[in-house]
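This report describes the fold of the structure shown below, element by element.

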Amino acid sequence: MVDTKSRTSELLETLQKEAGEMLQDSVIELGDLVVTVAPEHLTKVLSTCKNSPALAFNLLSDITAIDWMDLRDERFEVVYQLLSISKLWRLTVKVAVSESTPEVDSVLSLWAGANFLEREVWDMFGIRFKGHPDLRRILMYEEFVGYPLRKDYPVQGKQPRIPLRAPEVENTARRMHRPDLVTIRPKSRSQASANAQASEGHSSQK
Amino acid sequence: MNDGKLLEVDVGVGGISTSVRPRALGDDLHSETMVVNLGPAHPATHGTIRIVAELSGEKIVDADVDVGYLHRGFEKMSETVDYNQVMPYTDRLNYVSPAINNFGWCLTIEKLLEIEVPKRAQYIRVILSEISRVADHLTCLGASAMELGAFTVMLYMMEAREDLWDLIEEVTGARLTVSFGRVGGVKDDLTPGFAERAEAAFKKVRAHLVNCDRLLTRNRIFIDRMCDVAVISAEEAISMSLTGPLLRASGVKHDLRKATPYSSYEDFEFDVPVGLKGDNYDRFLVRFAEMEESLKICEQALAKLPEGAITVSDPHVALVPKDEVYNSIDGMINHFELVMYGVKPPKGSVYNAIEGANGELGFYVVSDGTGRPYRAHVRSPSFIHMGAMRKMILGANISDIVPTFGMINMIGGECDR
């Protein structure tokens, strides 16, 4: 227990030395170091954390977000958890994101593991990651309306029904990958059968 | 394998764009690639997942791994109940080793409360966690072996798992959804005579493991299907945030039980097995070796099990004994307060990670000082491992998807939350 405390302050010192001018705030909360950075410095700080041999945060453990609603000026906060496998210390990096432009830079170029994590934050909170080449919904479906983990999304929220998806009739990857939606209308179907009857030579009846 | 030109342009992100694809790999007559959709309900994907694989001949040139079919809104639900009521939800994360999830959640809240549970409770947590870990590995290996045709191995492993689940059932009252953790301790003490029955069960499990080892480890068919498939180097594994058996199979000796010991793991002697190449066969071997280590930890914990309380004595965290509730006004008030309002950690946020059966299982909890979490987030290892699956199966044969998926051991409840 005493050991981790001195380790955390050692980490704080090293971090101050490496990226001190870019940190907005740094606190030791319950034995863990939590730093806040400005959005424009985010990738710089994270790449310093990853590439500096003294810090060696080689593993991106987690990305998540918090919706503060009216409790703070900036509504969202994106939280990164870093882990160093060689030094065995952890760092929490927080960055505030406004409601009007919910955007942060993607860290996919630093860690390939950020792919699914960033997609999840986009899916759940609607925070865009600039530079992510494939920002699709991941746990929810494409037609989902709203962002479920925002505090203003109701717990018992109901979603509109989505029409049946098109069956894979064409042998193309493009269609299968993200199929277009087809609304099945019974009316057009009866018309089609009427046309078929007409073509067989019978008189079309209502 | 992995000799195609296409792999060099990989950016590690899903999404198929066939229009710009050059004639691939030069190994067949077809000028067009074919798309095969695997899942979400497929007999060989034990878990609901969809993989859209684009094939040139039998080689996978691109793939999109689609998760989320079992999403239940764990994080949203957790915001509506108090801290101890989240316990049944955590059961349903990795439902093959639910005790580990329970204790991971408990440890996070205890870190927020800045308390440490009594030694006996820590040991009970270790015992149940390790039994669950063995059960988890048995399920993973048994199912994967069955998919490669080794049906007997699956039956042996399921039989061994039954013995372990009997032990868990004896203590917790349930086989899968145990809900055994409590903030500040565990629900119950071990049953009398548990150590003897555990010893007998471990003996049976070990006998089964020897049989499985003989049937599988040097089996030519098994090796041909597993060896050199889905190779991930150590650097790639770290970059893709892999943890647990997958990271160790790539040769990185990293286990949170050793690296940052929690729940008295520092008291026990055990090895951390690592692989050499990081292919599916190494993942199999690492898991197989880990089971023996887990059994060793269990035996040590049972031998050294200290006497004492199983919950902290703070009445604001753990329920007071029933005797006090019925016979004293303080006890009654404390009981009432805890049941009605729940544990109230101070304001703050905390991330705590433990070594789950599949890797780093982390919980991130934000408390606003009330009895309910303001925000609860799970860092589920399966989800992150599924993010690496595309990279693993690119360039492999379509038949390699199933063993690779088996070795990732995606548990739907944990992956999709």
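A residue counts as buried if 20 or more other C-beta atoms lie within 10 Å of its own, with C-beta atoms placed from the backbone. By this criterion helix 15 of chain B, residues 401–408, is mostly covered, with 6 of its 8 residues buried. These are B:Ile401, B:Pro403, B:Phe405, B:Gly406, B:Met407 and B:Ile408. The residue that follows helix 15 of chain B is B:Asn409, and its phi is positive, near 55°. The model is predicted.

**Chain B as a whole**

Chain B has 16 helices and 8 strands. Its radius of gyration is 23 Å, close to the 22 Å that the globule rule gives for 417 residues, so chain B is as compact as a globular protein of that length. Along the principal axes, the C-alpha atoms of chain B fill a box of roughly 85 × 45 × 35 Å. Of the 417 residues in chain B, 54% are buried. When contacts in chain B between residues at least 6 apart in sequence are taken, 71% of them join residues at least 24 apart.

**The sheet of chain B**

An open sheet in chain B is formed by 3 strands in the order 1-2-3, with antiparallel pairing. Strand 1 and strand 3 of chain B each have a single partner strand and stand at the edges, so one side of each is left without a neighbour in the sheet. Direction ignored, neighbouring strands of this sheet are turned by 20° against each other on average.

Strand 2 of chain B, residues 50–56, is mostly covered, since burial is reached by 5 of its 7 residues. Strand 1 of chain B (residues 34–38) runs antiparallel to strand 2 of chain B, and 5 bridges join the two. Strand 2 of chain B also pairs with strand 3 of chain B (residues 59–66), again in the antiparallel sense, over 7 bridges. Strands 2 and 3 of chain B form a hairpin with 2 residues between them, and B:Gly57 in the turn has a positive phi of about 65°.

| Residue | Opposite residue | Strand of the opposite residue |
|---|---|---|
| B:Val36 | B:Ala53 | strand 2 of chain B |
| B:Leu38 | B:Ile51 | strand 2 of chain B |
| B:Ser56 | B:Lys59 | strand 3 of chain B |
| A:Val37 | A:Val95 | strand 5 of chain A |

**The sheet of chain A**

Chain A holds an open sheet of 5 strands in the order 1-2-5-4-3, with mixed pairing. At its edges stand strand 1 (23–29) and strand 3 (59–67) of chain A, each with a single partner strand, so one side of each is left without a neighbour in the sheet. The twist averages 20° from one strand to the next.

Within this sheet, strand 2 (residues 32–37) and strand 5 (residues 90–97) of chain A run parallel and are joined by 5 bridges. Helix 2 of chain A, residues 42–51, lies across strand 2, strand 4 (76–83) and strand 5 of chain A, and runs at about 170° to strand 5. Helix 3 of chain A, residues 114–125, also packs on the sheet, where it touches strand 3 and strand 4 of chain A. The direction of helix 3 of chain A makes about 5° with that of strand 3 of chain A.

**Core and chain contact**

Which residues have the most contacts inside the largest nonpolar core? They are A:Val78 and B:Leu164, in a core of 169 residues. Helix 4 of chain B, residues 119–147, gives the largest share of this core, 13 residues. Apart from neighbours within four places in sequence, B:Leu164 is in contact with B:Ile131, B:Val134, B:Ala135, B:Ala201 and B:Val205.

The contact between the chains takes 46 residues from chain B and 32 residues from chain A. On the side of chain B that touches chain A, 19 residues are nonpolar, 17 polar and 10 charged.

**A loop residue**

B:Lys253 lies in the loop between helix 9 (244–249) and helix 10 (256–259) of chain B. Is B:Lys253 buried or partly exposed? B:Lys253 counts as partly exposed because it has 13 C-beta neighbours inside 10 Å. Beyond its neighbours within four places in sequence, B:Lys253 is in contact with B:Arg248, B:Val272 and B:Val274. From B:Lys253 to B:Gly185 the separation is 68 residues in sequence and 30 Å in space, C-alpha to C-alpha.

Definitions and conventions
Residues numbered from 1 in each chain as written. Chains lettered and ligands numbered in written order. Predicted model: local features only at pLDDT ≥ 70, side-chain atom pairs only at ≥ 80, totals over all residues. Core = buried A, V, L, I, M, F, W, Y, C linked by C-beta atoms within 7 Å. Buried ≥ 20, exposed ≤ 12 C-beta atoms within 10 Å, placed from the backbone. Helix = DSSP H or I, 4+ residues; strand = E, 2+ residues; numbered from the N terminus. Contact = placed C-beta atoms within 7 Å. Nonpolar A, V, L, I, M, F, W, Y, C, P; charged D, E, K, R; others polar. Rg over C-alpha atoms; globule rule 2.2 N^0.38 Å. Pairing = 2+ DSSP bridges. Axes fitted to C-alpha atoms, helices over the stretch in contact; angles between N-to-C directions.
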